[in-house]
Amino acid sequence: MISLGQLGKTAGIIIGTAAGLAGVGAIAALRRPLPRTSGTLPLPGLQAPVRVIRDRWGVPHIYAANSEDLFMAQGYVHAQDRLWQMEFQRRAASGQLAEVFGAVALDSDRFVRVLGFRRVAEREADTLDDETRRLVEAYVRGVNAFIEQHAGNLPIEFTLLRLRPRPWTIADVLVWGRMMALQLSRNWREELVRARLTATVGAERAAALTPHYPDDHPIIVPPGAHYTPTMGQSAMERADAAARLFPDGAGQGSNSWAVAAHRAAGGGPLLASDPHLAITMPSLWYENHLSGGEFHVTGASIPGTPGVVIGHNEHIAWGVTNSGNDVQDLYLEKFDPTDPTGLRYEYQGRWETAELVREEIVVRGQREVVIEEVRITRHGPIINALVPAHAQSGTNGETLRAEQPLAMRWTALAPTRLMRAVFRLNRARNWESFREALADWTVPPQNFTYADVEGNIGYALGGDIPLRAKGDGSVPVPGWTGEYEWVGVIPHAELPHVLNPPEGFVVTANNRIVGDSYPYPFPAEWLNGYRAERIRQLIEQTPRHDAESFARIHADVRSLPGLELAALAGRLPADEPLAQQARDALATWNGELSADSIGGTIYSRLRERLLSAIYADAAPAFDATIGLGAFATLPGRDMAHRAFPRLLRRLIERDDRFFGKRTADEILAAAWNATLAELRAELGDDVTTWRYGRIHTLTIRHPLGSLPALATIFNRGPFPTGGDLDTVNMGYLPREFAGPPFYIAPSYRQICDTADWDRSQSIHPTGQSGHPGSRHYSDFVQPWLNVQYHPMPWSRSRVEEVAATRMTLQPAEEQETGAAIPTRSAS
């Protein structure tokens with residue numbers, strides 16, 4: 001998030017405007033932009049009237065006579081409730097935040113411009129099939145109609161920033177998918193961390209410290225590549241600037257599972273899903289129910305894009321988790337140092353000419369635009385700073401080369417069929433049409449769980465997974481040899497999938513997807529398997545499941561690694577009363593990482609200190625601060641957490657060879673003493689007060705909430721919470737960070753009952769409205785914290801029972817005629 005100290009002139013504008021609003025009444029100023037949600041409103045361009053029924057939870061149920069009217073109304077309704085979020089997201093993904101926030105956002109914009117999300121989205125807009133184009137255009141018309149009708153009464157953020165939104169285009173809709181892919185695809189950074197790690201401690205030690213890497217498989221340094229401890233520094237600084245303005249994928253995961261009918265109490269399969277993303281205000285997700293033309297679907301949508309991403313239709317339900325597949329490669333490029341243009345680079349013994357793109361960035365408060373020159377090779381854009389390629393003299397007269405140019409190849413940097421996939425998924429009727437829809441899901445790769453009304457459950461991977469001529473994509477490779485090119489993608493029909501597994505359930509929690517027998521190379525950055533194992537345990541403990549048992553799984557905070565580490569308590573020194581009390585608390589801990597847990601507090605801090613001790617010799621790679629000021633992060637920490645299962649096993653087995661100069665018990669003792677010193681200084685001498693919720697809290701932040709004058713208006717919290725990276729109910733709050741804090745947790749929860757869709761339920765962290773003056777701005781916060789849900793009304797009769805407001809969107813020319821309103825029923 002953006003801090004007050006960095007906003008400069010923009011902060012002055014906001015504070016001045018806020019003071020003026022306070023003078024005329026803050027409550028009135030907050031309520032003035034609230035949208036009208038009842039009565040009849042004109043919507044030029046509709047072919048027939050559309051009925052919008054909002055239920056008591058603020059969820060709109062949209063009934064239209066045809067598909068184009070349906071998505072035009074969805075665009076209008078999205079804009080009613082979330083226009084500021086939509087504006088912020090399209091600017092973040094287009095590299096246009098500096099135009100609003102000034103120089104504080106410049107590094108973010110420069111990095112996004114180098115990747116070229118906007119350039120790719122505009123190319124993709126030209127490749128859409130006719131139906132997808134019609135539906136996206138209808139959505140855009142709905143958004144623009146709202147903006148035009150409410151130009152003088154926009155959400156409060158526009159007033160504070162003195163900003164008027166530009167009309168939306170198809171590219172605005174398509175560009176957001178790239179930003180989501182950026183958050184969910186972190187392999188390029190981990191390539192750099194591996195390269196730096198190899199340069200710091202050597203290949204053998206690097207292999208031992210690298211997560212999910214077999215002990216007998218050392219990191220192979222490709223011939224001709226030279227790694228340095230600072231490789232890719234400038235690229236990572238810019239990426240972290242982007243991440244701090246819109247939190248990235250650090251620590252992210254998700255859960256989704258389904259049980260067959262014979263494991264369900266209600267007579268049909270059940271499916272649950274909870275994607276884990278950074279918790280922000282407003283929520284990423286917006287729930288809506290769409291009925292019209294060929295579509296009848298409900299669930300979570302993303303404001304700024306049409307359709308439903310996670311949910312169910314009349315026939316099937318689906319959930320989503322991140323697969324972690326490696327779809328990004330870094331190529332070391334050799335540019336010709338004698339070329340005055342700086343564009344000539346080597347490929348297979350010949351010179352090729354890179355494309356040069358000049359990106360113009362408008363910066364608020366500056367007269368001159370900032371020019372970012374982007375060089376693009378056959379592998380992709382050069383992602384580090386553009387520095388002269390000539391050699392410089394070092395202090396001892398040695399030759400120092402400029403930073404090695406790194407090009408990124410990534411499936412997201414080419415036009416995709418993602419929007420077509422969403423529309424097809426929303427209309428899928430069975431397993432076959434579901435798989436056909438996923439054939440168009442190109443990026444980011446995702447795990448999909450499946451359940452249908454015919455009693456089937458399944459799992460399928462969707463995404464373009466590159467096939468490499470050589471190498472596994474784990475480290476940067478020479479781009480000039482031509483040996484490491486992509487030679488295609490795994491055929492979508494042959495991607496991992498299973499229908500009706502014999503155990504009667506499917507589980508995905510970012511864990512390993514396939515074994516070694518899978519016929520294609522399958523590199524990925526999988527997370528630990530703790531959450532998946534715990535979900536399997538809980539499924540198998542209950543013979544027949546219902547919504548209540550699924551909710552208990554969603555709420556589970558038992559830490560499997562915590563129990564393993566607690567079992568080592570007897571090896572911890574206890575030479576004073578406080579140490580003995582703390583050791584006893586850890587030894588008797590039941591593994592529940594709740595906000596009230598004392599043993600959980602001790603485990604959490606001990607785990608952190610253990611990682612620091614184990615990675616001490618690799619600190620330059622794993623503890624290096626990457627980025628500047630509020631944009632700085634510690635990306636190596638994510639890799640360290642993923643390596644924890646293997647490191648813990650070595651501690652348990654006392655594998656002293658792994659720990660070098662210290663034994664396993666010495667490592668444990670040093671980490672234990674550091675843990676006690678920190679907790680005593682932070683929480684006091686009374687171990688019985690060391691509750692986890694004192695050190696583990698959530699504040700749900702709005703982009704403008706970092707200004708003290710606005711924090712109480714826009715932010716919510718802090719709230720004491722439980723969970724961590726490895727619990728089913730995730731609550732990832734890294735204590736060690738270089739920039740502003742972030743919190744990864746379930747960004748949406750749903751439970752779908754195929755036997756009776758009206759029994760389905762869902763929740764997301766904040767509320768349906770993005771307007772701070774609305775009662776639906778934060779009404780979901782407490783239920784979400786308590787792992788409670790609201791119903792997902794499906795049948796028309798049930799929707800009418802819980803209706804709070806009714807609005808009719810009327811074609812402008814028919815507004816006075818009283819044309820019939822569609823009353824399509826839902827069974």
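A search of the whole structure, which is a predicted model, finds 50 salt bridges. The stops below visit some of them and then turn to a sheet.

**First stop: helices α4 and α8.** Select Glu68 and Arg134, whose side chains form a salt bridge with the closest N and O atoms 3.5 Å apart. Glu68 belongs to helix α4 (residues 67-94) and Arg134 to helix α8 (residues 130-149), so this pair ties together parts of the chain that are 66 residues apart in sequence. With a surface displayed, check the two partners in turn: Glu68 has 23% relative accessibility and counts as partly exposed, and Arg134, at 40%, also counts as partly exposed.

**Next: helices α20 and α24.** Move on to Arg605 and Glu678, where the side chains meet in a salt bridge at 3.4 Å, N to O. Because Glu678 sits in helix α24 (residues 664-683) and Arg605 in helix α20 (residues 599-614), the contact ties together parts that are 73 residues apart in sequence. Which of the categories buried, partly exposed or exposed applies to Arg605? Its relative accessible area is 1%, and because buried means under 20%, Arg605 is buried. Glu678, by contrast, is partly exposed, with a relative accessible area of 23%.

**Last stop: the sheet.** Select strands β13, β14 and β15, which make up an open sheet of 3 strands in the order β13-β14-β15, with antiparallel pairing. Strands β13 and β15 (380-381) stand at the edges and have a single partner strand each, so one side of each is left without a neighbour in the sheet. Between β14 and β15 the antiparallel pairing runs over 2 bridges, and to find a bridge partner, pick Ile376 and then Pro381, its partner in β15.

Arg358 lies in strand β13 (residues 355-361) and Glu373 in strand β14 (residues 370-377), and the pair links distant parts of the chain, 15 residues apart. On a surface display, both can be inspected: Arg358 is partly exposed at a relative accessible area of 48%, and Glu373 is partly exposed at 36%.

Conventions. Residues numbered from 1 in each chain as written. Predicted model: local features only at pLDDT ≥ 70, side-chain atom pairs only at ≥ 80, totals over all residues. Heavy atoms only, no water. Salt bridge = Lys/Arg side-chain N within 4 Å of Asp/Glu carboxyl O. Helix = DSSP H or I, 4+ residues; strand = E, 2+ residues; numbered from the N terminus. Buried < 20%, exposed > 50% of the residue type's maximum accessible area, 1.4 Å probe, protein only. Pairing = 2+ DSSP bridges.
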